[in-house]
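Work through the exercises below with the sequence and the model open. Each task is followed by a solution in steps.

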Amino acid sequence: AYKAGLLERSFAHFQSHATSDQVRAFQRYCRAQASWLDDFGLFMALKQHFEGAVWNTWPSDIATREPEAMAHWSQRLQEPIDRKRYEQYLFYTQWKALKAEVNALDIEIIGDIPIFCAYDSADVWANPSLFHLDERGNPTHVAGVPPDYFSPTGQLWGNPLYRWDRMAARGFEWWIARFRMMLDLVDIVRLDHFRGLQAYWEVPADAETAINGRWVEGPGIALFDAYDRDGAAVSQLMS
């Protein structure tokens, strides 16, 4: 809460006192990151406006991202959206400066990409067709781990599962963008729970434990072939 207050003061100061060069730098960042930043900024502003409610309980027109509703809320919540963009801009510029310093010392940074997303996130709200959701936006199946020596009922993670068929039909563009963004911030990416790209444990969303799940085949090497064709360096990814 203390840091949030400082960020609010920083944003207010920026609005009132930023130089023309600083404003242009911020605008360049927003344009360069618009593919994810616009959705994230609006999502976070809506979360605040609706007092933290899960996105599929918002008014149906904005929950389903109807164009008129998107335009209305983007205008109505312009200031909190810009504040969220500004916070990301501060992090990005400070982190890139840090990365440049450590890279100059021949130090590389390893970052982490969790295999799954949180349900109540900008990722899922902005891309519902890429996840196993019903007509109300609720997950139909979720991620977990089967029963084993450590847990007789397995682990019920609850993350929504990807529609890998639709991901593949789009050339895995969502994943490639995710890889590229992370590799802009770090030198090597570790894929957390990499095993799930070969096969993952699918559990019905209404299950109370992970016992009654099943193994489902993941994208496998096709994901990395698409990444390689896109011109990215697979060697920068590690499991």
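**Exercise 1. A lysine in a helix**

Task: find the helix that holds Lys 47, decide whether Lys 47 is buried or exposed, and list its contacts beyond the sequence neighbours.

Solution. 
Step 1. Lys 47 belongs to helix H3. Helices (H or I, at least four residues) and strands (E, at least two) are DSSP runs, numbered from the N terminus.
Step 2. Its relative accessible area is 16%, so Lys 47 is buried. The classes are buried (under 20% relative accessible area), exposed (over 50%) and partly exposed (in between), with a 1.4 Å probe and protein chains only.
Step 3. With neighbours within four places in sequence set aside, Lys 47 contacts Gly 52, Ala 53, Val 54, Trp 58 and Asp 120. Contact means heavy atoms within 4.5 Å.

Ground rules: this is a predicted model, where local features need pLDDT of at least 70 and side-chain atom pairs count only at pLDDT 80 or more, while totals for chains, interfaces and linings use all residues. Residues are numbered from 1 along each chain as its sequence is written, and side-chain values use heavy atoms, with hydrogens and water left out.

**Exercise 2. The whole chain**

Task: describe the secondary structure, extent, burial and charge of the protein chain.

Solution. 
Step 1. Count elements: the protein chain has 10 helices and seven strands.
Step 2. Take the extent: the C-alpha trace spans about 60 × 50 × 35 Å along its principal axes.
Step 3. Take burial: 41% of the 239 residues count as buried. The accessible surface is about 13700 Å², and carbon and sulfur atoms hold 52% of that. Such areas come from the Shrake-Rupley method with a 1.4 Å probe; for residues, only the protein chains shown count as cover.
Step 4. Check contact range. Of the contacts between residues at least 6 apart in sequence, 68% join residues at least 24 apart.
Step 5. Count charge: there are 23 positive and 32 negative side chains, with the centres of the two sets 4 Å apart. Lys and Arg count as positive, Asp and Glu as negative; His and the chain ends are not counted. Each charge is placed at NZ of Lys, CZ of Arg, CG of Asp or CD of Glu.

**Exercise 3. Positive phi**

Task: where do Glu 51 and His 193 lie, and what is phi at Glu 51 and at His 193?

Solution. 
Step 1. Most residues other than glycine have a negative phi.
Step 2. Glu 51 has a positive phi near 55°. It sits in the loop between H3 and H4. Its relative accessibility is 76%, so Glu 51 is exposed.
Step 3. His 193 also has a positive phi, about 55°. Its loop runs between strand S4 (188–192) and strand S5 (199–204). His 193 is partly exposed, at 43%.

**Exercise 4. Links across the sequence**

Task: which residues do Ala 143 and Gln 88 touch beyond four places in sequence?

Solution. 
Step 1. Ala 143 is in strand S2 (residues 141–145). Its relative accessible area is 0%, so Ala 143 is buried.
Step 2. Its contacts are Phe 116, Leu 156, Trp 157, Gly 158, Asn 159, Leu 161 and Trp 201. Phe 116 is 27 residues away along the chain, and the C-alpha atoms of the pair are 8.1 Å apart.
Step 3. Gln 88 lies in helix H6 and is partly exposed at 23%. Gln 88 touches Tyr 29, Trp 36, Leu 37 and Phe 40.
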